[in-house]
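Dear colleague,

I am passing on the structure below, and my notes on what was found in it follow directly after.

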Amino acid sequence: MYTGTLIKDLMATVERAERGALQKQIAEELELQRMFELQVSEMQRERIFAGAA
């Protein structure tokens, strides 16, 4: 039987979905930042070795 909470339930579901999407986006951005930092540090090491030849 209808209890009058359909809208509340739908809103809660949407809010959970939005939080999940935001958390996923943050995790992906952090991973990209980590990958970029690794790439930059590797490029700096290559420069050091290039001058040693």
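Buried residues, meaning those under 20% relative accessible area with a 1.4 Å probe and protein chains only (exposed is over 50%, partly exposed in between), make up 0% of the 53 residues in the chain. Please bear in mind that this is a predicted model, in which local features need pLDDT of at least 70 and side-chain atom pairs count only at pLDDT 80 or more, while totals for chains, interfaces and linings use all residues. Residues are numbered from 1 along each chain as its sequence is written, and side-chain values use heavy atoms, with hydrogens and water left out.

The chain has 1 helix and 0 strands, taken as DSSP runs numbered from the N terminus (helices H or I, at least four residues; strands E, at least two).

Arg34 forms a salt bridge with Glu31, their closest N and O atoms lying 2.8 Å apart, and the two are 3 residues apart in helix H1 (residues 6-50), so about one helical turn separates them. Arg34 is partly exposed at 42% relative accessibility, and Glu31 is partly exposed at 35%.

Met11, found in helix H1, counts as partly exposed at 48% relative accessibility.

Best wishes

Definitions and conventions: Salt bridge = Lys/Arg side-chain N within 4 Å of Asp/Glu carboxyl O.
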